[in-house]
Amino acid sequence: MSLLTVQQLGKSYNNQNKVLQNVNFEVDAGEFISIIGPSGAGKSTLLRCINRMVDIDEGAVIFDGADVGTLNKKELRKLRTDIGMVFQHYNLVPRLSVIENVLHGRFGYKTTLQGVMGRFTEEEKERAFFLLEKLGIVEHAYKRCDQLSGGQQQRVGIARALIQEPKIVLCDEPIASLDPNASKIIMDHLKSITMELGITCIVNLHQVEVARDYSDRIIGLRQGQVVFDDVSHRLTLER
Ligand code: ADP
Ligand code: ADP
C-alpha cells in the first residue's frame with residue numbers, strides 16, 4: 001500500500017477558479033519527489049491539502065491509510081505529527097535559540113512559548129542535538145536563530161520538521177530564498193538525512209535542474225493539473 005494517495009483532488013479558494021483540478025498520484029514510502037511548475041501552478045496548495053491546512057473540495061487525500069479530508073481534531077494532530085513541514089521563509093521564532101526552535105517543533109509554538117530546556121526529556125534533547133549534528137549546525141545550538149545565515153536557518157527548519165519523527169516531510173520552496181551555494185547545501189542535507197532516517201520527502205521547487213539532480217521522481221504541475229509524472233531523467237529540459 002502506498003504511503004500517500006491523491007485521488008481526483010480538486011481545490012479552489014472562495015469558490016473561485018479551481019487551483020487544483022483532478023490531481024492524481026501515489027507516493028511510496030522512501031521516495032524523494034520534486035513537484036515543479038511555475039508560480040501559481042498550485043504547488044503550495046497541493047501540500048496544504050495533504051496536511052489539511054486547507055479543506056479538500058473534491059476527491060481525496062489518503063495518508064497512511066486515513067482519509068485526510070474527514071479527520072477529527074485529535075486525528076488531525078496525529079496527522080501533523082506524521083507530516084513535517086519545511087517552508088521558504090523558515091518560519092522560525094527569531095528570538096529563540098536554535099535548540100529551542102527545534103524542540104518546539106514537537107509541540108507547536110503556542111503551547112510552549114514559556115518553555116525552557118527543562119521541559120523536554122533527555123531523549124528529546126538527544127534527538128535534537130543528533131539532528132543538529134547531522135545538519136552541521138550543532139555549534140550554533142545556543143545562538144538565537146536571527147543570528148544565523150539563511151542557509152543555517154533553513155537547516156534549523158529541517159531539524160524542527162524531523163524532531164517529531166514524521167513519516168513524510170513536505171518542503172514548500174525550501175531554497176527559493178537562498179543563493180546557489182546555500183541551496184546546494186540544503187538539498188544535499190535534505191536528501192541525505194531523509195534517506196538515512198528513511199523518511200519520505202516531497203519538495204516543491206521551481207528550478208527544474210535542481211529537481212533533476214536530487215529527486216527520484218518529478219511531478220510537473222501546470223495550472224492546477226499534473227502534466228508530468230515520471231522518473232527524473234525522463235524530464236526533458238525544454239519544458
Ligand atoms: P509563495 O508562492 O511564495 O508562497 P504567494 O505570494 O503565492 O507566495 O503566497 C503568499 C501567501 O498569500 C500565502 O499564504 C497564500 O496562501 C496567500 N495567497 C496567494 N495568493 C492569494 C490570493 N490570490 N488571494 C489571497 N491569498 C493569496
Ligand atoms: P504555487 O505554489 O505553485 O506558486 P499556489 O498554490 O501558491 O501555487 O497558488 C495557486 C493559485 O491559488 C494562485 O493563483 C494563487 O494566487 C491562489 N491562491 C493561493 N493561496 C490562496 C489563498 N489563500 N486564497 C486565495 N487564492 C490563493
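This is a predicted model: local features need pLDDT of at least 70, side-chain atom pairs count only at pLDDT 80 or more; totals for chains, interfaces and linings use all residues.

Analyst: Helix packing and a ligand site

Residues are numbered from 1 along each chain as its sequence is written, chains are lettered from A and ligands numbered from 1 in written order, and side-chain values use heavy atoms, without hydrogens and water.

Helix α5 covers residues 122-134 and helix α7 residues 180-197; they pack at about 135°, with axes 11 Å apart. Helices are DSSP runs (H or I, at least four residues), numbered from the N terminus. Axes are lines fitted to C-alpha atoms over the stretch in contact, with angles from 0 to 180 degrees between N-to-C directions. On the α5 side, Arg 127, Phe 130, Leu 131 and Lys 134 meet His 189, Ile 193, Glu 196 and Leu 197 of α7, where contact means heavy atoms within 4.5 Å. Four residues of this contact are nonpolar, one is polar and three are charged.

The shell around ligand 2 includes Gly 40, Gly 42 and Thr 45, a residue being near if a heavy atom lies within 4 Å. Helix α1 (residues 43-50) supplies its largest share, four residues. A backbone N or O atom of Gly 40 is 2.7 Å from a ligand 2 oxygen, and a polar side-chain atom of Thr 45 is 2.5 Å from an oxygen of ligand 2; a polar contact is a pair of N or O atoms within 3.5 Å.

Note on methods: A polar contact is a pair of N or O atoms within 3.5 Å; within protein, one must be able to donate a hydrogen and the other to accept it, and residues adjacent in sequence count only if both atoms are side-chain atoms. Helices (H or I, at least four residues) and strands (E, at least two) are DSSP runs, numbered from the N terminus. Ala, Val, Leu, Ile, Met, Phe, Trp, Tyr, Cys and Pro count as nonpolar, Asp, Glu, Lys and Arg as charged, and the others, Gly among them, as polar.
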